Amino acid sequence: MKRHQILVMLGLLFLVSLSGCEKDYQVYNADLHAVRFIASPDSMVYSFGFYPDKETDTIALPIMILGFSESVDRVVRVVEDTEKTTAIANEDYDILPCRIPGGQVSDSVRVVLKKTAKLDTQNLCVALKLEDSEDLEAGPNNTYRIFFTNQLVQPEHWPSQFGEYSVVKHRFCIEVLGVGDYCSYRDYQMVTYYLRLLTEALYKYNDEHPGDPLKDENGKVISFY
């Protein structure tokens, strides 16, 4: 057999194998009816201390179907993992009903957190778990934990330009800027603008308290440089 004939035959076999793989892949996915969390990592910390004006807040955790969309809504069953949950359902939090809308493969599990007095002295946890429903099985990555508190904790996106973190400095930032979570403040120009506001407010505070500049919980004088 000539060389070019061999190459043609190998090429045809390769195309046939690809076609077979694609068919198997489609059949495999068509049979899937599972759902999983796609939030990463598999836990988060929420502090009402970041948002002093809020009494409740709704956390949306993205989920995705393993498989294809369907024309009808599909129920997602979300329950608390009682062994890991320290919060009390309907008192500290509510899990809202969840469905994947028809024609879609993703949505969010929504949990309403409530600010209660117990959060002043303790952190609570609600551990979520996806279970099989009449429409969808629980896939991998089917658990998620939310830790929440009234106390201030260092935000995940504390700007390095704000300097060393302290609770007193954080509270001062909230009083001046109105918020305590700075994930949207990573733009250099915005951070520069907020630093100017903080520096001016700190100067005013120290000027109004001669000999007693603002100090953190460890007695260190606070600065923004």
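**Close-up views of a predicted single-chain model**

**Figure 1. Overall surface and composition of the predicted model.** The protein chain exposes about 13900 Å², of which carbon and sulfur atoms supply 53%. The coordinates come from a predicted model. Of the 225 residues in the protein chain, 33% count as buried. The chain contains three helices and 10 strands, and from the N terminus the elements follow the order α-β-β-β-β-β-β-β-β-β-β-α-α. Among contacts between residues at least 6 apart in sequence, 68% join residues at least 24 apart.

Figure 2. The mean pLDDT of the protein chain is 85, and 85% of the residues score at least 70. Among the elements, helix H1 (residues 3-30) has the lowest mean pLDDT, 43, whereas S5 has the highest, 98. Over residues 1-28 the pLDDT stays under 50, and for this segment the model has three contacts beyond four places in sequence. Where pLDDT is low, predicted coordinates should not be read in detail.

**Figure 3. The five-stranded open sheet.** Five strands form an open sheet with mixed pairing, in the order S5-S7-S3-S1-S9. Its edges are strand S5 (93-95) and strand S9 (137-138), each of which pairs on one side only. Strand S1 (residues 34-37) pairs with S9 in the parallel sense over two bridges. Within this pairing, Val35 stands opposite Ala138 in S9. Strands of a sheet pair through backbone hydrogen bonds, either parallel or antiparallel.

**Figure 4. Strand S8 between its antiparallel partners S4 and S10.** S4 and S8 pair in the antiparallel sense over four bridges, and six bridges join S8 to S10, which also run antiparallel. S8 is mostly covered, with six of its eight residues buried.

**Figure 5. The largest nonpolar core and a second, separate core.** The largest nonpolar core has 26 residues, of which Val76, Val109, Leu113, Leu128, Ile146 and Phe148 touch the most other members. At least two residues of this core are supplied by each of S1, strand S3 (56-66), strand S4 (74-80), strand S6 (98-100), strand S7 (106-114), strand S8 (124-131) and strand S10 (143-149). A second, separate core of 19 residues includes Tyr165, Cys173, Ile174 and Leu198. In soluble globular proteins, nonpolar side chains tend to be buried together.

**Figure 6. Surroundings of Leu128.** Apart from neighbours within four places in sequence, Leu128 is in contact with Phe37, Leu61, Val78, Val79, Ile95, Val109, Val111, Asn142, Thr143, Tyr144 and Ile146. Leu128 is also among the residues that touch the most other members of the largest nonpolar core.

**Figure 7. Glu80 in strand S4.** Glu80 is located in strand S4 and stands opposite Leu128 in S8. The relative accessible area of Glu80 is 27%, and Glu80 is therefore classed as partly exposed. Beyond neighbours within four places in sequence, Glu80 is in contact with Thr85, Ala89, Tyr93, Ile95 and Ala127. Glu80 and Tyr144 lie 64 residues apart in sequence, with a C-alpha to C-alpha distance of 9.7 Å.

Notes:
Residues are numbered from 1 along each chain as its sequence is written. This is a predicted model: local features need pLDDT of at least 70, side-chain atom pairs count only at pLDDT 80 or more; totals for chains, interfaces and linings use all residues. Side-chain values use heavy atoms; hydrogens and water are left out. Buried means under 20% relative accessible area, exposed over 50%, partly exposed in between (1.4 Å probe, protein chains only). Contact means heavy atoms within 4.5 Å. Accessible areas come from the Shrake-Rupley method with a 1.4 Å probe; for residues, only the protein chains shown count as cover. Two strands pair if DSSP finds at least two bridges between them. pLDDT is the predictor's confidence in each residue, from 0 to 100. A nonpolar core is a set of buried Ala, Val, Leu, Ile, Met, Phe, Trp, Tyr and Cys residues joined through side-chain atoms within 4.5 Å.
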